[in-house]
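Here's a quick tour for anyone meeting this structure for the first time.

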Amino acid sequence: MDMSQYLEVFTEESKEYLQNLNKCLLSLEKNPHDASTINEIFRAAHTIKGMSGTMGFTRMAKLTHDMESVLSSLRNNEIEVSSNLIDLMFKCLDALEDYLDKISKTGNEGTNEYKETIDALNSFIKSEKEIVPAKQTRETQTKKDTVISGSELAELETLAIEKATEKNLNAYKIHITLNKDCLLKSARAFVIFQLLERFSDIVETEPRITDIENEKFDHDFIVFIVSDRDGKLFSDELKLIYDIEKITVEKLMGCGYSNQKGAASVTDTIGKKKPAIVKTARIEVDKLDNLMNLVGELIITKTRLQGYETANKSKDYRDTIEYLEKISAQLNDAVMKVRMVPVETVFSRFPRMIRDVSRELGKEIIFTTFGEETELDRMVVDEIGDPLMHLVRNAADHGIETPDIRLKTGKTKEGHINLKAYRDGNNVVIEIEDDGMGINLKKAREKAVKKGLINEKNSKNLSEKDIIDFIFLPNFSTSANVTGMSGRGVGLDVVKTKVESLNGNVEVQTAEGVGCKFIIRLPMTLSIIQALLVYVGDEKYAIPINSIYSLERIPVEEIKTVQKNESMMLRKLEIPLVRLDKILKVTGQKNIKKKITIVVVNRNEKLMGLVVDGLIGQYEMVIKSMGKLLKNVNIAAGATILGDGTVALILDVNSIK
C-alpha cells in the first residue's frame, strides 16, 4: 500500500502529540504524583508508536515502544518520577522531533537509531526497579497472566470499581464486537482505544492489550474504564467508528463481583441514525493562501466598480455595489478567521527552553504565559517564533540573576519571566517581562562610546530611549563574556529586523535592579490593511493607517530649518520633516502653496512628518508582494492595485530616513 498520501496527515498529527508530550513532561516534573498526566504521556507515546508503525517508520516505532515500557512501569508504581527520568524522556522527545523533521523534509526517518537513548531506557527500568520495590497490587499482578478466567474477569470489574471509587468517578465495562469481515482488527481496536482515552482512563482490557495489538483475539473484546461521563456518550461515540457490529456499555456499581453490579447498561447494534457531530478538515496552507489571493482580487474589483464614473448611477446600481461590498467584507472576514491561529503554537516552545537554560546557568526561573488563545495571522505566527525565542532567552541569560545574588538584593531566589499576548484594536501586543537586573544604561552608553557610535561629550546628553536604541544595533552587546547563548550581539538585532519586516515595532521599558519589559506590537494580518492614499507629485502612494499619528496642515513659514534639516513644532514637540518627493525622486507639484500637508507617522517610537502634495482618502487595500526583482526596495512594504487599475506602492515608514 502506498502510504505517502498519508504523510502530511501523519506529520501534522505527530507534531500535535509531540507538543502535548512536551507540555505533559514539564507538568509531570512539577507534579510527579499526578496519575492523569502520566496516563496522558503514556497515551501520547502509544499513539505515536501506532501511527509510526502503520506508516512504516520502524525506528520511530521502536523508540516509542521502549518509552512505553518505562511509562508502563511508572503507571504500575514499579518506578518513581525523578529528574533522571524526566531528562531521559526529554532525550526521547528530542529524538522523535528529529525523526519527524527528517520525515517532513525527505519522507524518510533517516538511519539514526538512537541506540544510546534506547539502551538508557532499558537500563533505566532495571536500575530503578532495584531501588524502588515493585508494589504488587492486584492490578499489576493480573497483568502477568495472558488468559483470564471468569473469576479473574470479575476481579477486573472489582478493580475498575475500586479505581472509580478512589477518584469519585463511574466505572464501565464496554463489550465491543467487530464485524466478521473486519480485516485490520488491531488497527480498528487502536482507533477505539484512542476515542475512549479522550473521555476516560482505561483500567484494563480482556484480552490483554498486547494480545489485541497482535490480533490475538477473535472479533470481540472488553474494555474496563473509569470516567466522569455518562455511559450513553461512549455508546454514541463508538457507533461512529466503522467495522463495529455491536456495543454494550455496562455501568459497574457497588463493590464486589459481577453479581453485585447494577443493571444500568446500554446495548447498541450499529445501523441506527448517527448523532450530529462537529466536522473538521485539514486544509493545505497553499490552498488558504490561494483563497486569500482570490478574496483580494474580489476586493480590488469591487473598488474598481466603485470608482467607475457612469452617467446614470441608478438606485439598483448603488444597491448592487453596496451588497457586493457587504458580501466581500463578510468573505474576507471568514477567510481571515480560517487563517488565524493561536499564539500558543509559538508560546509552547519556550517552557522546555527555559527549563534547559535555567539548569545550564544554575538559575531558578518560573516561566508563566498569558493569553495563549490570542490569535494572529498564520503568516505572522510563522515568522515571530525566532524573535520571541531571542527575547525569552535574553531574559533568562542577561536578565534573571543567580539565586545567591537575588537573595542578597532582597528578592526571592526564583526569578520570574512572563510572556503575555493580547488584542489591542487591529493589533496584537506581545510582552516579555522579567524581574531581573534590568538594562545597565551606563554600561550600554560606555559600550557605544567604545565602539565609536557616539563621542564621549555627546553621549552625556543621550536620553534613556536613545541609549536603549543602541542595544538593537548589530554586534552590540553589553555582555562581558561570549557564551553559547549570548555575548555576540546578534539577538536583539534579529528581533528588530524581523518585527519591522512584519510592519510591527518594539518598545523597551527598563528599571535597573527591578526588571525589563519588551513590548512587541504586530498587525493581526499582513494580507489586507487599511491605508491612507496620498498624492506625491502626480503619483499615488499608500501609508498604513496603524503607523499614522495625525494629519496636519500648516503654513509654510512655520517650517524651521536647522543644519539643512527641516522640522515643525507640534504641541510643543519638535518633529523632523521628510519631503517624500525628494526621497521617492518624484517631480513635485509646481504651484506654490501657502500651506503644506503633513502626515505625522510613528517611526520606531519617534514621530516624523511626511510632506505630501495632497490627501485622497482611506481605503481597504490588498498587499501584493514586490517580487524578487524589487525585493531590495526597502522603502516599500508592498504594492496594491487601485480602483482605476493602477499600481500604488505601500510605504514602509520605518525605512524612511
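This is a predicted model: local features need pLDDT of at least 70, side-chain atom pairs count only at pLDDT 80 or more; totals for chains, interfaces and linings use all residues.

A quick word on terms: a residue is buried when its relative accessible area is under 20%, exposed when it is over 50%, and partly exposed in between, using a 1.4 Å probe and protein chains only. Residues are numbered from 1 along each chain as its sequence is written, and side-chain values use heavy atoms, with hydrogens and water left out.

**Salt bridges**

- The whole structure holds 30 salt bridges, each one a side-chain nitrogen of Lys or Arg within 4 Å of a carboxyl oxygen of Asp or Glu.
- R355 pairs up with D356, their closest N and O atoms being 3.4 Å apart, and D356 is partly exposed at 31%.
- K62 bridges to D66, with 3.3 Å between the closest N and O atoms; both sit in helix α3, 4 residues apart, or about one turn of the helix. (Helices are DSSP runs of H or I with at least four residues, strands are runs of E with at least two, and both are numbered from the N terminus.)
- In that pair, K62 is partly exposed at 42% relative accessibility, whereas D66 is buried at 5%.
- R378 and D382 meet at 2.8 Å, N to O, and because they are 4 residues apart in helix α15 (residues 378-399), about one helical turn separates them.
- R378 is buried at 15% relative accessibility, while D382 is partly exposed at 48%.
- Shared partners also link E29, D87, D94, R352, R355, D356 and R359 into one network of salt bridges.

**Helices and what they hide**

- Which residues of helix α17 (residues 441-450) are buried? They are A444, R445 and A448.
- Those buried residues fall within an arc of 100° seen down the axis of α17, so they line one face of the helix; the arc is that of the directions from the helix axis to the C-beta atoms.
- K442 and K450 are exposed on the other side of α17.
- M60, in helix α3 (residues 58-75), is buried at 0% relative accessibility.
- M60 and G110 are 50 residues apart in sequence, with 9.9 Å between their C-alpha atoms.
- G296 belongs to helix α11 (residues 285-307) and is also buried, at 0% relative accessibility.
- The C-alpha atoms of G296 and I623 are 8.4 Å apart, though 327 residues separate the two along the chain.

- E206 and P207 are joined by a cis peptide bond, with omega about 5°; P207 lies in the loop between β2 (201-206) and α9 (209-213).
- R571 isn't a glycine, yet its phi is positive, about 50°.
- Look for R571 in the loop between β17 (565-570) and β18 (573-579), where R571 is exposed at 56% relative accessibility.
- K585 has a positive phi too, near 55°, and lies in the loop between α21 (580-583) and β19 (595-603).
- K585 counts as exposed, at 76% relative accessibility.
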